[in-house]
Amino acid sequence: MMLSKVAERVYWTARYLERVESTARLVSIYDQLLFDLPRSVQLSWYNLITINSLQTDFDERYKVRDERNVVKFLIGDESNISSVVSSLKAARENIRTTRDVIPQETWEFINELSLFVQDNLKQGINRSKRYEFLGEIIKSCQQILGMLYGNMPHDEVWSFLRLGRNLERADMTTRILDAGVSVIAQMQEDDSVYNSRQIALGNVLRSLNADQAYRRLMRLSVNGPAVVEFLLGHKAFPRSITHCLNSMIHAAEQLPNPKPVRDHLLGIHKGLETKPTEVDETEVFSDFLNNLQIQFAEANNLIAQHWFSTDVEQIDYQAS
Amino acid sequence: MKDNWKDYKAGEHYDELITEKGGSRMPARAVVSYLKSLSPQDVAARKLAAESAIKDMGVSFTVYTEEGNIDRVWPFDIIPRVIAKKQWDAASRGLEQRLQALNMFIDDLYHDQKIIKDGIIPEFVLKQSKNYLKECEGVSPRFGVWAHICGTDLVRDKDGQFYVLEDNLRVPSGVSYMLENRSIMKRVLPELFEKTDIASVSAYPSKLYETLASLSPRRVNSPVVVVLTPGIYNSAYFEHAFLAQQMGAELVEGNDLLVKDDCVFMKTIDGLTRVDVIYRRIDDEFLDPEVFNPKSVLGVRGLMRAWKAGNVALANAPGAGVADDKVVYAYVPDVIRYYLDQEPLIPNVETFLCYDDKQREYVLANLDKLVVKPANESGGYGMLIGPHSSKKERQHFAELIQKNPRNYIAQPTLSLSTAPTLIGQDSLEPRHLDLRPFILQAKDTYVTTGGLTRVAMKKGSLVVNSSQGGGSKDTWIVDTEAKSK
């Protein structure tokens with residue numbers, strides 16, 4: 001027995017928490033990529049805005065597309081609904097209103113994290129303290145996740161947390177892959193290209209905390225087709241699209257009347273069989289990733305229609 | 001802190017911890033001597049630890065202001081208020097007696113009105129009561145109980161005697177803060193709990209659950225119990241969420257529920273699920289737009305029908321607030337005598353009823369000495385505190401009283417008891433306080449061990465409401481006769 005509204009809030013709690021963590025990681029990794037690339041590669045901080053499809057929002061607020069503005073926008077800007085502070089606020093609000101169904105430590109942890117971010121935001125945006133600041137945010141998110149893993153009964157609430165977390169993850173993986181592809185496309189043909197390409201792909205892996213797992217599971221040097229295979233198709237890596245889809249399918253199956261959602265997810269899964277393997281065909285590859293993002297958005301809508309609706313007609317229909 | 005305690009002057013009021021001669025009262029001996037042994041730095045550090053615990057725990061309350069609703073951190077003083085167990089046991093018997101009589105009174109009002117026929121209470125008191133609901137006439141809630149959860153405000157006068165200041169029978173709040181105060185205290189001054197026999201307060205959520213579950217109209221093993229909240233913008237939302245979590249009940253808003261065939265259902269991911277018991281934290285007026293305020297979006301259409309049909313239990317029952325009226329309050333000692341044939345164990349504060357010509361005359365002549373309260377308000381609003389009032393305010397109240405005498409009562413300004421309270425970093429000063437215990441009644445009766453102690457943080461002030469700058473303290477019931485640990 002679970003209220004539809006509570007289900008929706010739990011689902012979004014998981015999505016926002018995941019978004020906080022992945023955005024923090026994305027920004028904290030980016031520095032290192034810039035330092036590693038040769039100066040001939042024209043890579044801009046604005047890429048981070050493009051990855052998250054936030055160009056319009058960003059350009060409305062900022063004229064200069066420099067590091068400071070990009071970082072401010074992604075971390076500390078309350079008017080950006082996807083920023084770390086906004087996502088954190090939304091996660092806290094959702095936790096606050098679902099305190100009766102999730103472990104009570106979650107509430108304390110999210111309060112601690114919110115207070116930490118509030119108190120350190122100013123210094124955290126500056127370059128010298130940024131790495132520590134973002135590291136602390138990532139750690140706190142993982143603390144919450146770990147606590148949930150250790151304490152929560154694997155009931156319906158758990159299934160909605162898994163649905164939300166994995167959908168957000170899968171979506172982020174496509175975006176980071178897409179960004180990697182676009183960086184490679186921007187590279188000029190010269191001697192350093194091979195090297196730069198490796199650096200860019202390595203960065204894609206690191207942005208998903210996937211580099212160590214990649215080496216261990218693939219036992220290959222970093223190369224385009226293998227990275228794509230790994231991030232799209234590897235069953236064992238928690239941020240691969242396949243793994244996320246499998247988790248979502250499993251979570252959906254634990255819920256009442258799973259069929260429409262499960263069928264849609266299985267459809268996406270099937271589509272992965274025909275994935276392009278060559279990153280060099282950037283246009284084809286980008287289209288493929290964009291299409292995946294659209295299908296994830298559809299999955300989100302289906303989940304909402306199916307389980308969160310408080311429309312009585314619809315509920316009656318489900319119950320019969 | 002030794003010097004601060006030496007300098008502490010209890011003043012002319014009854015002090016909960018310190019006697020007139022400056023010694024500590026028996027049940028407070030251990031805590032006072034321990035606090036004396038701490039350095040001022042240590043005390044400041046504990047105070048800080050309490051503040052950060054409150055923030056982490058997210059203990060807050062919402063204040064409505066013109067700029068919108070503000071979430072305020074719960075104000076808490078680390079020096080506990082201590083009461084001897086023996087004294088408390090006597091008070092809690094008095095509280096049980098009072099609620100039992102009040103429930104018999106409410107049940108009588110909605111049935112035969114014997115108490116009016118027998119001339120104990122004048123009929124017009126009832127006729128003009130805002131909280132009397134005609135819709136409830138003839139309804140018989142289980143066990144004859146209407147007010148299942150009651151928060152009664154107690155004060156102590158100069159003599160140390162407890163008096164009842166008011167009964168809150170509608171949607172009393174504060175119990176979650178009583179529980180949170182204890183957990184803060186255990187975090188911040190754990191040593192004290194090893195030294196003293198402090199009665200636990202933790203039974204409340206399960207007692208509340210048992211009380212609510214026992215009201216279920218369906219005879220099922222685990223009835224569906226929900227907490228109905230007006231939502232996140234309500235000042236007590238923190239408490240609603242806290243209690244739902246502690247009881248393992250669903251926290252719902254009006255739009256999560258619907259009535260079909262005179263039964264209440266909630267909208268879940270499985271479809272509709274039948275609801276048996278609603279612990280509602282919404283005022284009567286907003287409960288059901290079909291019967292009461294038609295504009296209410298907080299309530300559930302058809303809820304009254306379902307309740308009257310006996311298909312769902314509401315706690316507290318609609319209409320229970322009729323006994324919450326301050327004019328009715330003046331009659332409670334008679335109510336106890338009438339229904340229970342017993343003398344009241346806890347006295348009322350002397351109360352003047354403005355509808356009585358003689359008493360009104362006295363009130364109008366002594367406005368500067370009295371506290372005037374409207375009969376149906378709560379939260380400390382709309383009051384006149386005579387000794388602290390201006391001439392203009394008194395004039396205004398004199399007009400109000402003359403216009404609608406039934407709606408006003410007056411009481412002498414009480415000398416509320418005080419307790420040492422930490423002001424600033426490490427200064428100790430007496431501050432006035434009251435006590436709100438919570439009483440549950442279904443088949444059986446239960447009283448919290450102690451209750452929520454509220455403190456008026458401003459020097460000399462008697463206003464303890466958190467919405468108006470009040471603070472709080474942990475309340476200890478200490479067994480001085482138990483063998484030491």
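Asp444(B) sits in the loop that links strand 19 (438-441) to strand 20 (445-447) of chain B. This is a predicted model, so take every value here as computed.

Now for chain B as a whole. Its fold contains 15 helices and 22 strands. Its radius of gyration is 23 Å, which agrees with the value near 23 Å that a compact globule of 485 residues would have. Here are some overall values for the chain.

| Property of chain B | Value |
|---|---|
| Box filled by the C-alpha atoms, along the principal axes | roughly 70 × 60 × 50 Å |
| Buried residues | 49% of the 485 residues |
| Contacts between residues 24 or more positions apart | 70% of the contacts with a separation of 6 or more |

On the domain side, the assignment for chain B lists domain 1 (2-85 + 424-484) and domain 2 (352-412).

What about the inside? The largest nonpolar core has 233 residues, and Ala7(A), Val10(A), Ile106(B) and Val226(B) are the ones with the most contacts within it. Helix 1 (residues 4-36) of chain A gives this core its largest share, 14 residues. Both domain 1 (2-85 + 424-484) and domain 2 (352-412) of chain B put at least three residues into this core.

Setting aside neighbours within four places in sequence, its contacts are Ala249(B), Glu250(B), Val252(B), Met266(B), Val275(B) and Ile278(B).

Finally, the place where the two chains meet. How many residues of chain A are in contact with chain B? There are 24 of them, and they touch 23 residues of chain B. On the chain A side, helix 1, helix 6 (104-125) and helix 15 (312-319) each bring at least two residues. Helix 6 of chain A supplies the largest share of that side, with six residues. By type, the chain A side that touches chain B splits into twelve nonpolar, six polar and six charged residues.

Notes: Residues are numbered from 1 along each chain as its sequence is written. Chains are lettered from A and ligands numbered from 1 in the order in which they are written. This is a predicted model: local features need pLDDT of at least 70, side-chain atom pairs count only at pLDDT 80 or more; totals for chains, interfaces and linings use all residues. Domain bounds come from an automatic or database domain assignment. A nonpolar core is a set of buried Ala, Val, Leu, Ile, Met, Phe, Trp, Tyr and Cys residues joined through C-beta atoms within 7 Å. A residue is buried if 20 or more other C-beta atoms lie within 10 Å of its own, exposed if 12 or fewer, and partly exposed in between; C-beta atoms are placed from the backbone. Helices (H or I, at least four residues) and strands (E, at least two) are DSSP runs, numbered from the N terminus. Two residues are in contact if their C-beta atoms, placed from the backbone, lie within 7 Å. Ala, Val, Leu, Ile, Met, Phe, Trp, Tyr, Cys and Pro count as nonpolar, Asp, Glu, Lys and Arg as charged, and the others, Gly among them, as polar. The radius of gyration is taken over C-alpha atoms; the globule rule is 2.2 Å times the number of residues to the power 0.38.
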